[in-house]
Amino acid sequence: MYNEVKVTDKIFHIGVNDRRKELFENLWPLPNGVSYNCYLVNDEKTALIDTIEMGTGGDFVGQIMSLLNGKTLDYLIINHMEPDHTGEIGNVVRSFPNVKIVGNNKTFKVLEAYFGIKDNLLEVKDGDSIELGEHKLSFTMTPWVHWPETMMTHDTDKGILFSGDAFGSFGTLDGGVFDDEVDFSFYEDDMLRYYSNIVGKYSNMVQKAFAKLAGLDIKIICPLHGPVWRTNPSKVIGLYDKWSKQEGEEGVVIIYASMYGNTARIADYIARQVAEEGIRNIRVYDVSKTHISYLIRDVWKYKGVILGSCAYNTCMFPLMEHLTSEFEHYGIKNKFLGIFGGYSWSGGGVRNLMAFAERIKWDLVSGSCDVEGKPNSEKTINTKAIAVNIAAKIKA
């Protein structure tokens with residue numbers, strides 16, 4: 001039994017909630033689960049836009065057949081070939097052997113690699129379209145948002161954008177499917193974590209996609225994860241625009257690596273000094289405890305970053321080293337950076353954080369603190385400069 005969820009009279013949302021999977025892409029934690037969305041257009045001709053992950057939707061083909069009510073499926077449109085959206089392609093093609101598969105040249109290379117499918121293909125390019133009756137679907141190539149083959153489908157008559165992974169979010173749809181049915185505050189942090197960890201590396205391509213979509217009439221956005229935006233699509237467009245421009249908010253993220261608590265104490269000391277400078281959004285994390293996806297999310301969100309590491313075999317702590325390499329990998333920009341650390345017999349944490357600062361080219365604030373042994377007020381005198389300087393830059 002399935003709920004019949006209509007986007008419009010002839011467009012159906014077919015979605016499933018995955019509350020079992022613990023890691024998205026076997027990497028990112030899913031404490032709130034994730035939804036897989038796809039869409040069926042039941043016009044004079046019919047089109048299924050993407051599918052869902054294999055094994056998550058029960059009788060997926062049976063649901064499609066029920067909605068088609070005796071009609072055949074004319075088109076299967078593939079916006080994105082990642083397996084969480086193509087898992088049911090094999091079942092769909094076996095059930096509708098004459099279905100025309102719509103995608104671009106790069107789509108079909110991946111399609112053959114995963115499914116061995118080489119027949120009944122309809123290649124489309126930027127601006128191409130197909131007529132279904134009342135609905136005309138046009139296609140926009142949006143490569144690297146976030147795979148090279150990704151594209152978007154636009155219903156030109158109804159102003160509906162089927163956006164692939166763009167504008168998506170972690171989190172299941174717990175009854176409410178549309179933005180006007182849910183409390184978006186539940187999704188916003190998970191949407192930013194989704195963006196920063198899945199799409200963020202390709203933010204320049206997101207901006208190129210915005211340029212290509214600028215002239216389209218967009219009344220509704222139908223992503224492959226998360227809520228459907230039928231009432232206020234401009235909200236999610238604005239968030240993606242801000243995030244892809246890496247426009248941080250006022251706030252400081254302090255992340256530390258500490259084996260025996262000394263560097264942790266310095267982190268708390270700095271956090272208090274930052275608060276005294278009037279910064280209200282302060283997040284303090286132990287790199288050994290908090291999953292990296294949350295650290296990337298908050299660093300993406302806020303303008304200020306203060307990193308602290310104990311020395312470890314004359315280097316920085318391994319998990320801090322991993323974190324900083326990920327910052328470089330994702331190409332995170334436009335941050336103000338402060339650095340501190342501690343050591344027992346030989347330094348290395350602060351020295352290697354300084355080398356990271358040179359590579360990533362964030363705005364390094366004056367003042368750093370490398371404490372030998374147990375921290376005290378005399379040894380940590382430079383932390384005041386870090387707090388004052390980073391707060392001043394953020395406020396400016």
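**Entry 1: a cysteine to begin with**

Is Cys 38 buried or exposed? I looked it up: Cys 38 is buried, at a relative accessible area of 0%. Here buried means under 20% relative accessible area, exposed means over 50%, and partly exposed lies in between, with a 1.4 Å probe and protein chains only.

A note on what I am reading: this is a predicted model, in which local features need pLDDT of at least 70 and side-chain atom pairs count only at pLDDT 80 or more, while totals for chains, interfaces and linings use all residues. Residues are numbered from 1 along each chain as its sequence is written, and side-chain values use heavy atoms, with hydrogens and water left out.

I searched the whole structure for disulfides and found zero. A disulfide is counted as a pair of cysteine sulfur atoms within 2.5 Å.

**Entry 2: the whole chain**

Next I stepped back to the protein chain. I noted twelve helices and 20 strands. Helices (H or I, at least four residues) and strands (E, at least two) are DSSP runs, numbered from the N terminus. The C-alpha atoms fill a box of roughly 80 × 40 × 35 Å along the principal axes. Of the 396 residues in the chain, 54% are buried. I also looked at contacts, meaning heavy atoms within 4.5 Å. Among contacts between residues at least 6 apart in sequence, 72% join residues at least 24 apart.

I followed an open sheet of seven strands with the order 1-2-5-6-7-8-9 and mixed pairing. Two strands pair if DSSP finds at least two bridges between them. Strand 1 (5-8) and strand 9 (121-123) are the edges, each pairing on one side only. Neighbouring strands here are turned by 25° against each other on average, direction ignored. For such angles, axes are lines fitted to C-alpha atoms, for helices over the stretch in contact, and the values run from 0 to 180 degrees between N-to-C directions.

Inside the sheet, strand 5 (residues 34-42) and strand 6 (residues 46-49) run antiparallel and are joined by four bridges.

Which strands does helix 1 lie across? Helix 1 (residues 60-68) lies across strand 2 (11-18), strand 5 and strand 6, and runs at about 35° to strand 5. Helix 4 (residues 105-115) also packs on the sheet, where it touches strand 8 (100-103) and strand 9 and makes about 120° with the direction of strand 8.

**Entry 3: the five-stranded sheet and Ile 220**

I then turned to an open sheet of five strands, in the order 10-11-12-13-14 with mixed pairing. Its edges are strand 10 (129-131) and strand 14 (220-222), each pairing on one side only. Neighbouring strands of this sheet are turned by 20° on average, direction ignored. Strand 13 (residues 160-162) pairs with strand 14 in the parallel sense over three bridges.

Ile 220 lies in strand 14 and is the bridge partner of Ile 160. Ile 220 is buried, with a relative accessible area of 11%. Leaving out residues up to four places away in sequence, I found that Ile 220 touches Val 7, Gly 159, Ile 160, Leu 161, Val 228, Trp 229 and Arg 230.

**Entry 4: nonpolar cores**

I looked for nonpolar cores, sets of buried Ala, Val, Leu, Ile, Met, Phe, Trp, Tyr and Cys residues joined through side-chain atoms within 4.5 Å. Which residues touch the most other members of the largest core? They are Leu 48, Tyr 240, Ile 255, Met 320 and Phe 327, out of 108 residues. Helix 5 (residues 185-199) gives the largest share of this core, seven residues. Apart from it lies another core of 21 residues, among them Val 274, Phe 336, Val 365 and Ile 394.

**Entry 5: helix 8**

Last, I visited helix 8 (residues 262-276), where Val 274 is one of the buried residues. Strand 16 (282-286) and helix 12 (383-395) are among the elements covering the buried residues of this helix. Just after helix 8, Gly 278 takes a positive phi of about 95°.
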